[in-house]
Structures are given as structure tokens and as C-alpha cells.
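Let's take a friendly walk through a protein model, going from one residue to the next. Keep the 3D view open as you read.

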Amino acid sequence: MPRNQFQRMVFAFLTVVVTVHAYVFYSLYVVNGNILMSVTGASSVLGAIRQQGGVYMCGRFVPIWAVILVEFCLAYLLEVLMGSPCSFKLASKVFNPGNTHPVQFESTIICATVGLMCPAMSFIAAWLYYPYYAGFHPATLLANWLKLVCLNFPFAFFTQLFFIQPLIRTVFGILFRRDMNRGKYVRDKTEPAMEKC
């Protein structure tokens, strides 16, 4: 677990780098892949994206790297300003971090983060990928947002809980091994030993 502001920023950065790439792949290939190929007549999703001139975003077609860059910036800001601090506070209201097993507490943080970030990022995506060529209507925006939440939430929950967060925690532990070992030693010396099962 990050112990200071710099570590929290690095942890959020690593999380968002992996998450944004996973979601762009999921959105383009799993959710919209067949539609893109049927509309363009291409035999692959990348071929369909190339044929239509990029990915439709904000009323125009942009390259995939631009989609990743925009989503990364927005997700990182949202994670740093809302996701991380609020999910820790929510988890702390349910469990005491000092008395709860770290895996249980970290899993609670992950669930709280998904519960906050998925609707927020889906709302942003509803604006970014709104079909502006057909005109704008708030009811359509709301319907698109709810659809995105329903499509993204199961993917977000399972990938964050079982793949992304374990990967990021492993990488983070390697990057900050010395600090983590020092913190573990201090905790082992100061806290009473827990009974083994």
C-alpha cells in the first residue's frame, strides 16, 4: 500500500496506464468490434478503424493513440482527485485498517474504487462518444451513460479485483521494495502478533 503522496501518485499512474489500455481494447474489440466491422466491411477491428479514419470521439474521428491519451489524462485526474481518497475513506468506514487483514482491506478499497470510478468514467465516456452527428438530447446521453455503466461495471470489477490490482501491487512492491520492507519491519515490531489460523 502507498505510504505517502508520491507513492500514491505513482500507484495511481501505474493503475491508470494498465486500466486505460484494457478499457480501450475492451470497448473497441469486445463491445464495438462487430459493429465496426459490419459498418465498414473490414475483416478486422483495426482495419475497420483505419478505414473509417480513426475512432469516433467528440464528433470527429481521431487516432487510437489520441483516445488513449485523452482517457488517460481524464482517468488519472479522476483517480487522484476522487477515486483513491474517497475509496480509502469508504473502506475505512467499513473496516479499521489497523485491525483488518490487508487482503480484505485492499479488496474493499478496490470494490469502492470500481463503484466510484466506473459510473464517473462512463459518464465522461458518454459525453466523449456521444453521436453528435444525430443531434443532442439529454435522454440519449442518460441512456448511453446507463448502457456504458452496465457494460463496463462487470469488466471493471473482475479485471480490477483479479488482474489489474494484483499486477499493480506486485509492480509497486518491486519499485518500492526497500520502503515496503522497512514499513513491514516497523509494523512487525510495534504491532502485536496476530494468531495464525
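## A walk through the model

Start at Thr159, which sits in helix 6, the helix that spans residues 138-175. Keep in mind that you are looking at a predicted model. Is Thr159 buried or exposed? With a relative accessible area of 14%, Thr159 is buried, because buried means under 20%.

What does the side chain of Thr159 reach? It extends to the backbone oxygen of Phe155, at 2.6 Å. Leaving aside residues up to four places away in sequence, Thr159 also touches Tyr23, Ile164 and Gln165.

Now move to another threonine. Thr15 belongs to helix 1, which covers residues 5-31. At 7% relative accessibility, Thr15 counts as buried. Which residues does Thr15 touch, if those up to four places away in sequence are not counted? They are Gln160, Gln165 and Ile168.

Together with Phe25, Tyr29 and Leu46, Val30 makes a nonpolar surface patch of about 370 Å². Which helix gives the most to this patch? That is helix 1, with three residues.

Next, look for Cys58, in the loop that joins strand 1 (55-57) and strand 2 (60-62). Cys58 is not a glycine, yet its phi is positive, at about 55°. Its relative accessible area of 45% makes Cys58 partly exposed.

| Residue | Relative accessible area | Class |
|---|---|---|
| Thr15 | 7% | buried |
| Thr159 | 14% | buried |
| Cys58 | 45% | partly exposed |

Finally, how confident is the predictor? The protein chain averages a pLDDT of 88, and 91% of the residues score at least 70. Where does pLDDT stay under 50? This happens over residues 185-197, and for that stretch the model has one contact beyond four places in sequence. Where pLDDT is low, the predicted coordinates should not be read in detail.

Note on methods. Residues numbered from 1 in each chain as written. Predicted model: local features only at pLDDT ≥ 70, side-chain atom pairs only at ≥ 80, totals over all residues. Heavy atoms only, no water. Patch = residues over 30% accessible without salt bridge, like charges linked within 9 Å, V, L, I, M, F, W, Y side chains within 5 Å. Areas by Shrake-Rupley, 256 points an atom, 1.4 Å probe, with all protein chains shown as cover. Salt bridge = Lys/Arg side-chain N within 4 Å of Asp/Glu carboxyl O. Helix = DSSP H or I, 4+ residues; strand = E, 2+ residues; numbered from the N terminus. pLDDT = per-residue confidence, 0-100. Contact = heavy atoms within 4.5 Å. Buried < 20%, exposed > 50% of the residue type's maximum accessible area, 1.4 Å probe, protein only. Polar contact = N/O pair within 3.5 Å; in protein donor to acceptor, adjacent residues only side chain to side chain.
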